Amino acid sequence: MPKRDLSRLSSRVREAAIVNPNGEVRWPADIALEAINELADTGSVLLGLDVWPDEEGEITEAPLSAYRGGATEPNIEPARLYAIEALRRVTGFGWSNPSILVTWSDPT
């Protein structure tokens with residue numbers, strides 16, 4: 001996966017980003033909503049969310065959402081709403097301080 005350009009995001013969201021060695025990007029759960037909104041506000045389609053546990057070195061993840069509408073401009077807002085709704089399920093995993101892996105694409 002190519003390195004993600006986070007420069008269009010606010011400094012708060014950029015600095016909170018956790019970039020995995022494979023290029024995937026996560027945010028602490030308490031910043032994830034801001035990241036989702038900023039990505040959508042700058043034209044990205046949110047394709048999926050996964051929750052990661054707070055344990056150091058743990059590489060377990062659980063899927064929260066997978067938007068199937070496609071990476072086209074008309075799907076920016078529906079994908080945002082789908083991702084926001086998925087964030088509500090994070091508390092059900094029982095992890096005290098999880099991070100949220102966000103997969104997005106720019107419209108084709």
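**Exercise 1.** In this predicted model, determine which residue forms a salt bridge with Arg8, and where the two partners lie in the chain.

*Solution.* The partner is Asp106, and the closest N and O atoms of the pair are 3.3 Å apart, which is within the 4 Å that a salt bridge requires. Arg8 belongs to the segment before α1 and Asp106 to the segment after β5, so that the pair links parts of the chain 98 residues apart. As to accessibility, Arg8 is partly exposed at 31%, and Asp106 is partly exposed with a relative accessible area of 44%.

**Exercise 2.** Work out how the axes of α2 and α3 are oriented to each other, and which residues of the two helices meet.

*Solution.* Begin with the geometry: the axes come within 10 Å and cross at roughly 175 degrees. Angles over 145 degrees count as roughly antiparallel, and α2 and α3 are therefore roughly antiparallel to each other. Next, list the contact: Ala32, Leu33, Ile36, Asn37, Ala40 and Asp41 in α2 meet Ile76, Arg80, Ala83, Ile84 and Leu87 in α3. Sorted by class, this contact has eight nonpolar, one polar and two charged residues.

**Exercise 3.** Find what joins Asp41 to Arg80, and decide for each whether it is buried or exposed.

*Solution.* Asp41 and Arg80 form a salt bridge whose closest N and O atoms are 2.8 Å apart. Since Asp41 lies in helix α2 and Arg80 in helix α3, the pair ties together parts that are 39 residues apart in sequence. Asp41 is exposed, with a relative accessible area of 57%, whereas Arg80 is buried, at 11%. Finally, a network of salt bridges links Asp41, Glu77 and Arg80.

Terms used
Residues numbered from 1 in each chain as written. Predicted model: local features only at pLDDT ≥ 70, side-chain atom pairs only at ≥ 80, totals over all residues. Heavy atoms only, no water. Axes fitted to C-alpha atoms, helices over the stretch in contact; angles between N-to-C directions. Helix = DSSP H or I, 4+ residues; strand = E, 2+ residues; numbered from the N terminus. Parallel < 35°, antiparallel > 145°, perpendicular 65-115°, else oblique. Contact = heavy atoms within 4.5 Å. Nonpolar A, V, L, I, M, F, W, Y, C, P; charged D, E, K, R; others polar. Salt bridge = Lys/Arg side-chain N within 4 Å of Asp/Glu carboxyl O. Buried < 20%, exposed > 50% of the residue type's maximum accessible area, 1.4 Å probe, protein only.
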